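Here's a walk through a complex, from how its chains touch to how one chain is put together inside. Have the structure open while you read.

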Amino acid sequence: MTTKYALRRLGFVSAAVVAIATTPALARDLTIVGWGGATQDAQREAYFKPFAEKEGTKVLEDSWDGGYGVLQSKVSAGTPNWDLVQVEAEELVLGCADGIYEKLDWEQIGPKEDFLDESVSDCGVGALTSSTGLAYDSEKWPDGPKSWADFWDLKKYPGKRALRKGPKYTIEFALLADGVKREELYEVMSTPEGIDRAFKKLEELGPNLIWWEAGAQPIQLLASGEVAMTASYNGRIANVNKKEGKKFVFVWPGNVTATDSWVILKGSENKAAAMKAIAFMSQPEPEVKMAELITYGLPSKKAAAMVPAEISKDLPTDPKNLAEAVPLNIEFWIDNNESLTKRFNAWLAAR
Amino acid sequence: MTARLWNRKTRAALLILPLALFIGIFFVWPLGIMVKQSVLDDAVLHLLPRTTEAIAGWDRTAPPTEAMQAALIADLRAADDEKAVGDMVRRLNSAQSGYRTLMTKTLSAVAKPETGPLLTDVDKRWAQPAFWIAIADALEPMTDRYLLAAVDLERNKAGEIAGLPDGASANRTIFIRTFWIAAVVTFFCVLIGYPYALLTAASTGITRTILLTAVLLPLWTSLLVRTAAWFILLQEQGLINGFLLSMGAISSPLPLIFNRTGVVIAMTHVLLPLMVLPIYSVLLTIPTNLMPAATSLGAHPLRAFLHVLLPLSLRGVISGALLVFMTAVGYYITPALVGGAGDQMISSVIAFYSTQTANWSMASALGIVLLVITLILYVVYVQLSGRTSVNGRM
Amino acid sequence: MVDYHIRLDGVTKTFGALRVVDNLRLDIVRGEFLSLLGPSGSGKTTILMMLAGFQDATEGTIYVDGHMINDIPSHRRNMGVVFQSYALFPHMTVAQNVAFPLKMRGVGRAEIDARVNRALDMVQLAALSERRPAQLSGGQQQRVALARALVFEPGVVLMDEPLGALDKQLREQMQLDIRELHGRLGLTIVFVTHDQSEALTMSDRIAVFNKGLIEQIDTPRMIYDHPATRFVAEFIGETNLMEGEIAGREGGEALIRLDSGGMLRVRDRAEFDAGRRVLATVRPEKVELSEAPAAINSIPVAVTDSIYQGDHLRVQLQGPGQRLVARRDRRAAEWTPGAKINATFAPEDCWVIVP
Ligand SMILES: Nc1ncnc2c1ncn2[C@@H]1O[C@H](COP(=O)(O)OP(=O)(O)OP(=O)(O)O)[C@@H](O)[C@H]1O
Ligand SMILES: [Mg+2]
């Protein structure tokens with residue numbers, strides 16, 4: 001029975017392959033690649049659909065989970081099958097230096113002063129600003145944790161904690177919990193002693209510390225009560241509160257913000273359309289719509305000014321929230337990610 | 001006569017041509033590339049010919065000479081291939097953290113004609129020998145540093161092979177862990193899969209279909225659905241713990257997920273079909289009258305099983321075990337999702353180097369070490385199982 | 001005391017609604033060669049499986065030497081079984097296969113070797129003892145299976161169509177071999193076959209099965225010459241059947257008035273009342289053909305075909321209201337189709353069956 005099925009499938013696949021091989025190459029529609037999930041759903045409503053309507057074209061979508069190597073190999077393979085990609089800040093800087101992105105035409109986008117500093121670069125324009133911070137379930141802790149120091153307070157808040165597996169954010173949070181001031185954070189991290197101190201701090205949590213890798217996991221962990229608190233993305237928390245009526249709280253003090261950008265892969269066959277899409281997505285109106293759908297910070301200052309207050313208060317780029325945030329130091333992580341990941345893995349393995 | 005022979009040979013050759021092409025393109029060639037990637041080290045050499053000359057006489061401890069700095073500036077000015085520069089920077093940064101930002105700054109500085117002749121004016125890090133040593137170490141076209149690093153070794157200052165300092169890297173631990181987890185999973189797959197295959201082969205009609213479907217199900221469901229299912233089952237407030245607690249069998253929840261137990265349970269679940277199916281198909285080829293024959297000859301059913309069914313089905317167990325083990329060795333998403341901190345497997349390290357940092361050399365080196373160890377284990381396994389299953393060949 | 005070796009008493013086997021063996025009573029005498037003969041699906045294998053202990057009887061009791069064995073598991077019944085497809089262990093050599101039952105019985109190494117050698121000598125396979133079954137011909141495998149079933153000296157050997165897969169020549173050779181072994185070792189053999197000539201050559205007695213019931217159990221000669229039922233008469237060999245009724249008796253012979261007209265004289269074994277409906281049967285080789293009608297038992301026929309069959313001629317005849325077949329020596333006169341002749345036979349070659 002299964003063999004027959006497999007054979008049939010094989011037949012189908014080979015037929016498909018033949019069909020593909022014999023069809024003359026058609027021009028691919030503009031392909032936009034986001035990070036999937038609720039965020040991309042929002043982007044579809046706020047950006048992709050209106051853009052496609054306005055231009056009378058089709059937009060293809062794909063999603064990915066990041067990874068500079070993915071983009072690098074796509075570009076070096078020749079014509080990439082993605083055009084417009086939402087990348088993290090480090091990928092932006094690395095790829096811009098390596099020349100795997102097209103340079104943007106800011107004439108089409110607008111005056112650079114209209115955008116937050118992190119949203120402006122030769123190769124990319126901001127897509128959204130997100131915060132990574134402490135989150136907990138207020139139904140479990142009416143008087144919940146307020147800082148990373150509380151995250152480490154096993155007496156007051158017993159139970160497991162979850163952090164994103166990897167050195168990024170983890171080292172920041174550990175040092176913040178250990179009393180390092182926000183302004184001095186990356187200075188401390190630049191010294192070997194600072195890194196040692198962070199790992200020592202992590203040791204304190206012992207077996208109470210577990211790790212997540214996919215963005216959906218912390219929500220699951222909180223919802224099931226498996227952990228008392230976790231690091232999470234602010235947008236995910238707001239989204240699950242809205243959609244599932246949860247009472248999760250995102251703690252703004254000590255959150256780390258990072259800005260994703262839109263880039264066009266070098267050699268894109270839809271470069272012009274991609275540029276148009278970037279210009280469209282950088283307009284205030286669609287950005288405001290985006291903020292209504294999901295609580296991520298907006299690159300356009302004009303848009304930020306137009307967002308109603310009750311939405312704005314949940315955005316990472318809200319001045320009040322920003323005042324308590326640490327902007328992720330991209331340069332630090334570009335230099336140190338590989339060596340710290342190696343060390344992080346070694347540390348995990350030794351535990 | 002000879003013409004016919006030739007004809008037949010050509011026909012045979014034509015028949016296997018697709019196979020040969022396939023193996024060549026999808027196996028030998030990538031393997032060759034992987035080997036090349038893991039030892040090739042010309043990203044820096046290509047772009048810095050002048051620096052290579054200038055650095056030749058340098059003693060690796062003194063501050064960089066003016067000539068070296070001028071040569072580097074000249075080389076960087078001459079470099080016009082952005083991607084090649086990117087490769088060089090990535091190579092240097094993986095040897096010496098900080099090169100990324102240093103190079104970005106330096107490259108934009110040397111783009112201006114007034115910069116020079118001293119790089120130390122651009123960034124004072126250029127005064128540190130470490131950054132120049134990184135260049136000096138990257139000038140041999142071939143290197144064993146990646147292969148060494150893959151097993152936590154390096155060349156010390158004297159050029160001898162030495163272990164990396166403690167806490168710097170854990171590849172060896174992770175390799176051992178990978179093979180250990182694979183072995184444990186294989187063991188449980190045999191333990192559960194063999195009786196399961198027996199049962200399936202012995203059943204008929206709808207029962208057999210249900211049993212086969214049940215074991216194939218994990219292959220048909222997506223990773224996310226499976227993960228969610230494990231989560232519901234295994235977590236502290238999960239079904240299994242809930243059941244055991246309510247039965248009074250345990251007083252506090254067992255830790256079943258985010259640890260090795262969870263990894264083994266989940267991987268055994270996914271890989272079980274790879275064990276059951278080969279055993280099942282071998283069992284089907286065993287004539288049904290052999291067991292009655294054995295009992296009629298005076299063998300207790302258990303001894304009949306040990307002397308007849310087991311040796312005859314060992315072929316299936318051996319290939320099933322091989323399939324499960326080899327597949328398990330390559331796993332990393334499942335352990336990442338249901339495992340704990342100490343359950344990372346080597347493929348996740350490889351994935352990190354390839355998809356995250358684009359350090360193809362390191363990824364290739366780890367891949368080759370994995371391949372070599374796996375091949376060695378395979379040879380040992382074939383030797384061992386060959387000896388025990390001599391009787392199992394039909 | 002017990003005059004039988006194996007007794008089946010009211011043994012019934014059902015699969016769901018299907019009655020495969022129906023209230024079977026059968027005594028098997030010690031040392032006899034009993035064939036179970038019957039068409040496919042008549043339940044022969046099932047009986048053997050119940051004897052060997054591979055299947056349980058739904059009802060009834062099986063005795064061996066006066067002891068009920070229903071609850072004794074297969075491996076303790078001490079019966080040698082030879083399967084239709086031999087069931088040799090493919091992963092063992094010939095010698096290991098034959099040694100298997102001895103090994104299971106904990107026989108010592110040296111004795112195993114001696115007995116295996118003896119058993120292989122007996123079936124003339126000593127030279128092939130280190131081969132594996134896959135390297136043997138069908139007949140050789142068959143002999144290994146035989147040696148394996150005999151080496152532990154079981155009192156009973158059950159054989160399920162053991163010669164079915166062999167070609168004619170080999171089959172006949174094996175028939176003689178088995179027959180010879182049976183005589184030499186004094187075994188009780190239950191032999192399943194659906195080849196009637198095999199059953200006739202080999203057996204002391206034959207039990208003819210039909211739909212789970214025994215139609216007749218008797219010596220080959222009786223079964224062939226004096227079939228008890230129409231089924232047996234038709235199943236064993238070829239026969240001519242003529243319907244009619246008893247018209248009376250005369251000098252130890254019954255008179256039968258055929259439905260097709262004419263009168264037959266039959267030397268029958270029992271008294272039948274006049275008017276009773278019967279079948280008269282006569283084997284083709286007993287039918288004489290002549291141009292002139294005989295005094296008694298003469299039926300006018302027309303030759304429809306005359307077929308050369310090597311050692312004999314098969315003559316197809318059309319009589320009044322029925323077909324007949326005669327088997328003639330090939331030196332006898334050839335009858336051309338269409339010839340009008342007479343078929344005759346002696347009263348003692350004719351047999352009466354009550355339908
Ligand atoms: N396990 C079973 N389940 C259901 N029916 C069965 C089973 N085994 C046998 N039968 C049925 O019982 C009947 C007798 O089967 P058996 O094998 O005894 O026949 P047989 O006389 O040996 O025939 P053959 O000469 O073809 O071997 C057949 O109709 C068969 O389909
Ligand atoms: Mg049968």
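Predicted model: local features only at pLDDT ≥ 70, side-chain atom pairs only at ≥ 80, totals over all residues.

## Where chains B and A meet

Four salt bridges are counted between chain B and chain A, a salt bridge being a side-chain nitrogen of Lys or Arg within 4 Å of a carboxyl oxygen of Asp or Glu. One salt bridge joins the side chains of A:Lys103 and B:Glu82, at 3.8 Å from N to O.

Which parts of chain B do the touching? Helices H5 (82-95), H6 (99-110), H9 (171-202), H11 (223-234), H16 (333-338) and H17 (346-356) of chain B each give two or more residues to the side facing chain A. H5(B) gives the most, with seven residues. Helices (H or I, at least four residues) and strands (E, at least two) are DSSP runs, numbered from the N terminus. By type, that side of chain B splits into 17 nonpolar, 19 polar and eight charged residues. For this sorting, Ala, Val, Leu, Ile, Met, Phe, Trp, Tyr, Cys and Pro are nonpolar, Asp, Glu, Lys and Arg are charged, and the others, Gly among them, are polar.

In terms of contact (heavy atoms within 4.5 Å), 44 residues of chain B meet 42 residues of chain A. The area buried between the two chains is about 3600 Å², with carbon and sulfur atoms giving 52%. B:Glu82, B:Phe258 and B:Ala341 supply 15% of what chain B buries against chain A, more than any other three residues. Buried area is the accessible area (1.4 Å probe) that two parts lose on being put together, summed over both.

Side-chain values use heavy atoms, with hydrogens and water left out.

The predictor gives the complex an ipTM of 0.80 and a pTM of 0.79. Chain C averages a pLDDT of 89, and 97% of its residues score at least 70; pLDDT is the predictor's confidence in each residue, from 0 to 100.

## Domains in chains A and B

Domain bounds come from an automatic or database domain assignment. Chain B is divided into domain 1 (1-29), domain 2 (43-139) and domain 3 (171-391). The centres of domains 2 and 3 of chain B, taken over C-alpha atoms, are 51 Å apart.

Chain A has domain 1 (30-129 + 259-326) and domain 2 (130-257 + 328-350), and 26 Å separate their centres, taken over C-alpha atoms. Here 23 residues of domain 1 of chain A are in contact with 25 residues of domain 2 of chain A. About 1900 Å² is buried between these two domains. A:Glu90, A:Glu324 and A:Val326 lose the most area on the domain 1 side, together 38% of what that side buries.

What holds for salt bridges across this domain interface? The rule finds one: A:Lys168 and A:Glu90 meet through their side chains, at 2.4 Å from N to O.

Notes. Residues numbered from 1 in each chain as written. Chains lettered and ligands numbered in written order.
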